[in-house]
Amino acid sequence: MADNTPQLPDFIQRFLAIQPGGVSHAGGLMACMIGVLAACAWMLGGISMMISAGIAVALMLVLSPMISPEILMKMLRASPLSGEDYPAIHEMSRLLSERAELGHKPKLFLLPGKGVNAITTGTDDNTTIAISSDAVHGLSPRQMRAILAHEVAHAWHGDTRILLITDVLYRATWTIALFGLAIFIFGDFNPPAWMIILFGAVPTISFLFQRAVIRDREFAADHGASDLLNGPEDMIDALLHIDQINRKRLGLVPYRSTQPPSLLDTHPSVVARIKALRALKPGTWQKFFENRRMPPQ
């Protein structure tokens, strides 16, 4: 597998979660997003504009709750994953949720379409996991367990809430930048050229930081899956197998046949994820599922 990572300095690649950095950088990346927003607001209206922007972000976080999992599943044309038809998957989900101390069992849905994919959404007490048909029918039980552990780890870490915050920060930055450009173009203010270029670029800068947060949470979810399963072996095996399936299935679709640049991607490369998993220290929890017999599918 070729790794098409841009030739950036190693410390930048680690900070932007293109390559594994050993620890989560989500806090620092979100601080950068806040800094970009604050700088734009300050250049437009000083301290008063910064305070107004902070209040606007707080209101957006309060008034823009996450999309209901039920609505999202309908938008994705996902159907409930039958417990009678797939008892082993439901049992795995229940045991992983107990291991992560979620306090509830996630609802499971089946996604249509090609390729192996899974998503996690919902609040702390209403987690929903959707798994693609290719994953359900193309993965071994151990590989499926690893994918479920990864998705449960997203809920365990509160990633849906983190991504909501980054989305609000990006949208607020985009709004202020657009407002500033409108003032520069249609108002009486005659800014220097560098300020116009800067306001044109800041939405992209904020977007790149947002994507980096998402990649960071993917590394963290892989780490969480390793903790839940007491080792990274199953997760590594699942990633390799999923990459093979997706290359074969999605390579037939023209617009999915090439990978986007790493800076714009929502997931680190498979090479980087496996590198991070192999660098993990041995877990301390007892082996999970070791002596438990799964119900037949």
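Predicted model: local features only at pLDDT ≥ 70, side-chain atom pairs only at ≥ 80, totals over all residues.

Biologist: How many residues does helix 4 have, and how far does it reach?

Modeller: Helix 4 runs over residues 87-99, which is 13 residues. From first C-alpha to last it reaches 18 Å, close to the 18 Å expected.

Biologist: What do the buried residues of helix 4 pack against?

Modeller: They pack against several elements, including strand 2 (107-111), strand 4 (128-132) and helix 8 (193-228). Among the buried residues are Ile89, Met92 and Leu95.

Biologist: Glutamate 91 is in that helix too. Which residue does it form a salt bridge with?

Modeller: Its partner is arginine 94, with the closest N and O atoms 2.9 Å apart. Both lie in helix 4, three residues apart, about one turn of the helix.

Biologist: Is glutamate 91 buried or exposed?

Modeller: Glutamate 91 counts as buried because its relative accessibility is 18%, and the cut-off for buried is under 20%. Arginine 94, at 28%, counts as partly exposed.

Biologist: Change of topic. Which side chain meets arginine 217 in a salt bridge?

Modeller: That is aspartate 159, at 2.7 Å from N to O. Arginine 217 lies in helix 8 and aspartate 159 in helix 7, so the pair ties together parts 58 residues apart in sequence.

Biologist: And how accessible is aspartate 159?

Modeller: Aspartate 159 is buried, with a relative accessible area of 2%. Arginine 217 is also buried, at 8%.

Biologist: How many salt bridges does the structure hold?

Modeller: It holds 10.

How values were computed:
Residues numbered from 1 in each chain as written. Heavy atoms only, no water. Helix = DSSP H or I, 4+ residues; strand = E, 2+ residues; numbered from the N terminus. Expected span 1.5 Å × (residues − 1). Buried < 20%, exposed > 50% of the residue type's maximum accessible area, 1.4 Å probe, protein only. Contact = heavy atoms within 4.5 Å. Salt bridge = Lys/Arg side-chain N within 4 Å of Asp/Glu carboxyl O.
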